[in-house]
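This report describes a single protein chain for a reader who has the sequence and the three-dimensional model at hand. Please keep both in view while reading the sections below.

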Amino acid sequence: MVMTLVHKIIPYLLSRSVKNSGNSCLYSPRLLVNRFLTSDANTVVNAICDSLRRGNSWDILSRNFDYVELNYLLVENVLLELKEPTDAKRALGFFHWSAQRKNFVHEVQTYCLMVNILVRAQLLMDAQALLESVLKRRVGDSSKFLIVESLLNSYKITVSSPLVFNLLVQAYAKRRLFEIGFEVCCYLAEQGFSVSLTSFNILIHVVQKSDKSPLVWKIYEHMVQRRIYPNEATIRIMTNALCKEGKLQIYVEILDKIHRKRCSPLVIVNVCLVLRILEEGKIEVAMALLKLMLQKNMILDAIAFSLIVYARVRLGNLDSAMEVYEEMLKRGFSANSFVYTSFIGAYCNGGKFEEANQLFEEMENMGLKPYDETYNFVIEGFAKLGRAEESFSYCEKMIERGLVPSLMAFNKMVAKLCETGEVKKVNAMLTRLLDNGFLPNEITYSHLIAGYARDNQIQEVLKLYYEMEYRALNPGLLAFTSLIRILCHCGKPEQAEKYLRIMKGRCLDPSEEIYDALITGHFEKGDKARAHHLYNEMISKGLNPCRSYNFGAGIEFC
């Protein structure tokens, strides 16, 4: 082993001795070997570094160190010996020479050591290129933090700059590995390092272009929490994300209800972030962010108060929400539709409909305009309470103001009105709403069909059924039950069976109620054989008849 190493280093030592002495006779090969054997273990490292500092070409390096077998420790020591900015280009030369001429396969650790050396020397393009190269090699690596951990390990020993971590995040963004890039940002934050605003902007720009909207907002939330506040470029990217989602107008309208004036893009974006976090149920996180935003004038005071009220309402703490609202008024801020609607919604959800009704009237008396969500709360609330007429009255007011109810609120009202025999009135309202762009679903039609079936209006039932088919809405069990029952009731069990076949063709299982209606219809028309067949089919499906049938000869089937 020793002799092998001697052979590897002799050419370099001999050439160096001749150059540094006027009398080459003093340096015989044997003397050189003896000197080498007693020298420091870093002789090879120093020899390579000296050769690089003299500007020797790759060919000379290859010739002098032809027999040197590189390993990780030797390569690392050479790079560390050349870590100073004045030697950084030489270190890079050695890095590439070892790979191309000596076929040394660099691991992540040597890549990251080299990158830190380059960043310290401000050779950023070279550092970026190496980072992109190592990312390309490690795409399938199971350890997503291997690269950043390697950079951290060599960060102090190379006296590098935090800029290295920004280059890493930007490299992740460039390779569209933005999920890992963001996780690395979070990991660095845990280690006490903050990524720059520029790097975050690059990251969210790439994410936004990739249609990963939830991740855009997650990154923006992390930025604000880490007190890395947005600039114009950040807000432009976030506004583009809102446009792409088709939600910009929604948040503009919410702010119009609170502030009654158009707000800056900065305020729109920050309100959007807070409301998204509240929708996720992270109330305390949203409150902490609001505090940060207020300190940095990233949101207006009146808007912040309104959002705090909304957050307290979402927590179910109405007393606390009311205290914030009263404090808001004391400070000279005006009441607004958004805050009133928050309270109305809470009262309706809590079954306090009289309080909700009182607030609604108070709101209108103050000149505040209820909006679609305000109406939806009271329409649905009164319908749930069974006060269908009041629900209908609010819906009429809503339509008169050019607003359209939500599908859920409308269906709740329709169900109650149809139960009380007001199907004709609610069907006329639906006709008006269809002209305003309202889109009913199969539940809407099912309630109407059931309502007309109760009144034995078979033509209206059939008309609504075929209207459903025309609108490509699949009738459900409720609609088919009402249709089959009324046809059987009107003495048309054969026609009713047509719809039974349609049900089966759509893999919709008939219920006991449907079978009972058909059996009774055939029985009353005297077709006991068909009634008996349907009865047996019903029993085979494990369904229990709602009544007893006597199919002749005194035999009773129960």
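## Repeats and domains

An unreviewed UniProt entry lists "repeat: PPR" at residues 231-265, 301-335, 336-370, 371-405, 406-440, 441-475, 476-510 and 511-545. UniProt positions are given in the numbering used here, feature names are shortened, and annotations may be inferred rather than shown by experiment. The model is predicted, so local features need pLDDT of at least 70 and side-chain atom pairs count only at pLDDT 80 or more, while totals for chains, interfaces and linings use all residues. Residues are numbered from 1 along each chain as its sequence is written, and side-chain values use heavy atoms, with hydrogens and water left out.

Two of the listed spans may be described in turn. Residues 371-405 are 77% helix and 0% strand, with end C-alpha atoms 10 Å apart. Residues 406-440 are 74% helix and 0% strand, and their end C-alpha atoms also lie 10 Å apart. Helices here are DSSP runs (H or I, at least four residues), as are strands (E, at least two), numbered from the N terminus.

The domain assignment, which is automatic or taken from a database, gives domain 1 (42-195), domain 2 (210-331), domain 3 (335-432) and domain 4 (441-557). Taken over C-alpha atoms, the centres of domain 1 and domain 3 are separated by 66 Å.

Helix α20 (residues 337-349) has 13 residues, which at 1.5 Å a residue should span 18 Å; its end C-alpha atoms are 18 Å apart, in agreement. The expected span is 1.5 Å times one less than the number of residues. Of the 13 residues of α20, 12 are buried, so the helix is largely enclosed by the rest of the structure. Buried means under 20% relative accessible area, exposed over 50%, and partly exposed in between (1.4 Å probe, protein chains only). The buried residues of α20 include Phe 338, Tyr 340, Phe 343 and Tyr 347. Among the elements that cover them are α15, α16, α18 (301-314), α19 (318-330), α21 (353-365) and α22.

Helix α24 (residues 407-419) also has 13 residues, and reaches 18 Å from its first C-alpha to its last, close to the 18 Å expected. Its buried residues are Ala 409, Phe 410, Asn 411, Met 413, Val 414, Ala 415, Leu 417 and Cys 418. Their cover includes α22, α23, α25 (423-435) and α26 (442-454). Just after α24, Gly 421 takes a positive phi of about 85 degrees.

## Aromatic rings

The whole structure holds 19 aromatic pairs. Rings of Phe, Tyr and Trp (its six-membered ring) pair if their centres lie within 6.5 Å; planes under 30 degrees apart count as stacked, over 60 as edge-to-face and the rest as tilted. The rings of Tyr 155 and Phe 165 form a tilted pair, because their planes stand at 35 degrees, with centres 5.4 Å apart. Tyr 155 lies in helix α9 and Phe 165 in helix α10, so this pair ties together parts that are 10 residues apart in sequence. Tyr 155 is buried at 14% relative accessibility, and Phe 165 is buried at 2%.

The pair of Phe 382 and Tyr 394 is stacked, because its planes stand at 15 degrees, with ring centres 5.8 Å apart. Phe 382 belongs to helix α22 (residues 372-385) and Tyr 394 to helix α23 (residues 388-400), so the pair ties together parts that are 12 residues apart in sequence. Both Phe 382 and Tyr 394 are buried.

## Charges over rings

A charge sits over a ring if NZ of Lys or CZ of Arg is within 6 Å of the ring centre and within 35 degrees of the ring normal. Lys 257 lies over the face of Tyr 371, at 3.9 Å from the ring centre. The charged end of Lys 425 sits over the ring of Phe 392, 4.6 Å from its centre.

## Residues with positive phi

Most residues other than glycine have a negative phi. Val 159, which is not a glycine, has a positive phi of about 55 degrees; Val 159 is in the loop between α9 (146-155) and α10 (163-174). Arg 260, also not a glycine, has a positive phi of about 60 degrees, and lies in the loop between α15 (248-259) and α16 (265-279).

Methods: Contact = heavy atoms within 4.5 Å.
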